[in-house]
Amino acid sequence: MKIVELTTLHVQSIAQFQERYFKDGWSKENLISSFETGRCFGYLAEIDGEVIAFILLNKNYDDADLESICVKPDLRKTGIGSNLLSLAIKKSKDLGLNAIFLEVRKSNIIAKKLYEKFDFVFVSERKKYYADGESALVMKREIV
């Protein structure tokens, strides 16, 4: 497995990966726009040139918003998501950011457990946040 920092060169691959495996993913246009602001950062994991996972964050003043973390379904619970999240936390610290915020589907138990393992805590709930009416939990991790 190879992990690299995200660049604009990865936008097409990320968009296709999200479309295939992640129903709440960003459009290619949104990804391009995010990269053009210069606030976007993250990592991509691949095996033999095939995208197997990525994490995408946006700097927002002194904090970061974790926009997406997506792992190929048959490779979940193998530590790939943990590796990417660990790298993203380290990068956030290197950038001098104070905290990382995220929204996660209330029903996404696996993701919530991952975030809690990395010291994310519940902040609030956004009712009917997703297009299908499901609520999102807002979580935060302080960067020390």
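**Close-up views of the predicted model**

Glu 134 and Arg 105 are both buried (under 20% relative accessible area; exposed is over 50%, partly exposed lies in between; 1.4 Å probe, protein chains only). This is a predicted model in which local features need pLDDT of at least 70 and side-chain atom pairs count only at pLDDT 80 or more, while totals for chains, interfaces and linings use all residues. Residues are numbered from 1 along each chain as its sequence is written, and side-chain values use heavy atoms, with hydrogens and water left out.

**View 1. Glu 134 pairs with Arg 105 in a salt bridge.** A salt bridge here is a side-chain nitrogen of Lys or Arg within 4 Å of a carboxyl oxygen of Asp or Glu. For Glu 134 and Arg 105, the closest N and O atoms are 2.6 Å apart. Glu 134 sits in the loop between strand E6 (121-126) and strand E7 (136-142), and Arg 105 in strand E5 (residues 99-105), so the pair ties together parts that are 29 residues apart in sequence. Helices (H or I, at least four residues) and strands (E, at least two) are DSSP runs, numbered from the N terminus.

**View 2. Lys 106 and Glu 125 form a salt bridge.** Their N to O distance is 3.2 Å. Lys 106 lies in the loop between E5 and helix H4 (109-117), and Glu 125 in strand E6, so this pair ties together parts 19 residues apart in sequence. Lys 106 is partly exposed, at 40% relative accessibility. Glu 125 is also partly exposed, with a relative accessible area of 27%.

**View 3. Glu 50 meets Lys 72 in a salt bridge.** Side chains of opposite charge can pair when their charged atoms come close. The whole structure holds 9 salt bridges. In the bridge between Glu 50 and Lys 72, N and O are 2.8 Å apart. The pair links distant parts of the chain, 22 residues apart: Glu 50 is in strand E3 (residues 50-60), and Lys 72 is in the loop between strand E4 (63-71) and helix H3 (80-94). Glu 50 is partly exposed at 37% relative accessibility. Lys 72 is buried, at 15% relative accessible area.

**View 4. Helix H1 crosses helix H2.** Two packed helices are described by the angle between their axes and the distance between the axes. The axes of H1 (residues 11-21) and H2 come within 9 Å and cross at roughly 140 degrees. Axes are lines fitted to C-alpha atoms, for helices over the stretch in contact, with angles from 0 to 180 degrees between N-to-C directions. H1 and H2 are therefore oblique to each other (under 35 degrees is roughly parallel, over 145 roughly antiparallel, 65 to 115 roughly perpendicular, the rest oblique). H1 passes H2 in a right-handed crossing (the near helix is turned clockwise from the far one by less than a right angle; anticlockwise is left-handed). Val 11, Gln 12, Ile 14, Ala 15 and Gln 18 of H1 make the contact with Lys 28, Leu 31, Ile 32 and Phe 35 of H2. Contact means heavy atoms within 4.5 Å. The contact residues of H1 with H2 divide into 6 nonpolar, 2 polar and 1 charged (Ala, Val, Leu, Ile, Met, Phe, Trp, Tyr, Cys and Pro are nonpolar; Asp, Glu, Lys and Arg are charged; the others, Gly among them, are polar).

**View 5. Helix H3 passes helix H4.** Their axes come within 11 Å and cross at roughly 45 degrees. That makes H3 oblique to H4. The crossing is right-handed. Gly 81, Ser 82 and Leu 85 in H3 meet Leu 114, Tyr 115 and Lys 117 in H4. The contact residues of H3 with H4 comprise 3 nonpolar, 2 polar and 1 charged.

View 6. Ser 34 is found in helix H2 (residues 28-36). This serine is buried, at 7% relative accessible area. Arg 39 sits in the loop between H2 and strand E2 (40-47). Arg 39 is partly exposed, at 42% relative accessible area. Setting aside neighbours within four places in sequence, Arg 39 is in contact with Ser 34, Leu 57, Asn 58 and Lys 59.
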